[in-house]
Amino acid sequence: MPYVNIKVTREGVTKEHKDKLIQGVTQLLQDVLGKDPNTTVVVIDEVDVDNWGMGGQSITAYRQRGK
């Protein structure tokens, strides 16, 4: 039973985007590894940009500095 966790920033990710991600990842695991789609679990976590860091700072600060 594959388990895939996708983390994205909480910025305009629609239900349709999530549906496509879940369908696409499930299909990819079936195509590449022969996994049963009925037992494939995909979880999407949306993270606020203040809680996501890159380059030693939050994404909010990173973007404000333009780096």
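Leaving aside neighbours within four places in sequence, Thr 40 is in contact with Pro 2, Thr 26, Leu 29 and Lys 35, where contact means heavy atoms within 4.5 Å. This is a predicted model, in which local features need pLDDT of at least 70 and side-chain atom pairs count only at pLDDT 80 or more, while totals for chains, interfaces and linings use all residues. Residues are numbered from 1 along each chain as its sequence is written, and side-chain values use heavy atoms, with hydrogens and water left out.

Thr 40 sits in the loop that runs between α1 (15–33) and β2 (41–47). Helices (H or I, at least four residues) and strands (E, at least two) are DSSP runs, numbered from the N terminus. Thr 40 counts as buried because its relative accessibility is 12%; buried means under 20% relative accessible area, exposed over 50%, and partly exposed in between (1.4 Å probe, protein chains only). The side chain of Thr 40 also reaches the backbone oxygen of Asp 36, at 3.0 Å. That is a polar contact, defined as a pair of N or O atoms within 3.5 Å; within protein, one must be able to donate a hydrogen and the other to accept it, and residues adjacent in sequence count only if both atoms are side-chain atoms.

The next topic is charged pairs. A salt bridge is a side-chain nitrogen of Lys or Arg within 4 Å of a carboxyl oxygen of Asp or Glu, and by this rule the count comes to four. One of them joins Glu 11 and Arg 63, with the closest N and O atoms 2.4 Å apart. This pair links distant parts of the chain, since Glu 11 is in the loop between β1 (3–9) and α1, whereas Arg 63 is in helix α2 (residues 59–65), 52 residues apart. Glu 11 is partly exposed, at a relative accessible area of 38%, and Arg 63 is partly exposed at 48%.

Another salt bridge is formed by Lys 15 and Asp 19, whose closest N and O atoms are 2.9 Å apart. Both residues lie in helix α1, four residues apart, or about one turn of the helix. With a relative accessibility of 56%, Lys 15 counts as exposed, while Asp 19, at 31%, counts as partly exposed.

The side chains of Lys 18 and Glu 46 also meet in a salt bridge, at 2.7 Å from N to O. Lys 18 lies in helix α1 and Glu 46 in strand β2, so this pair ties together parts that are 28 residues apart in sequence. Lys 18 counts as partly exposed at 23% relative accessibility, and Glu 46 is partly exposed with a relative accessible area of 24%.
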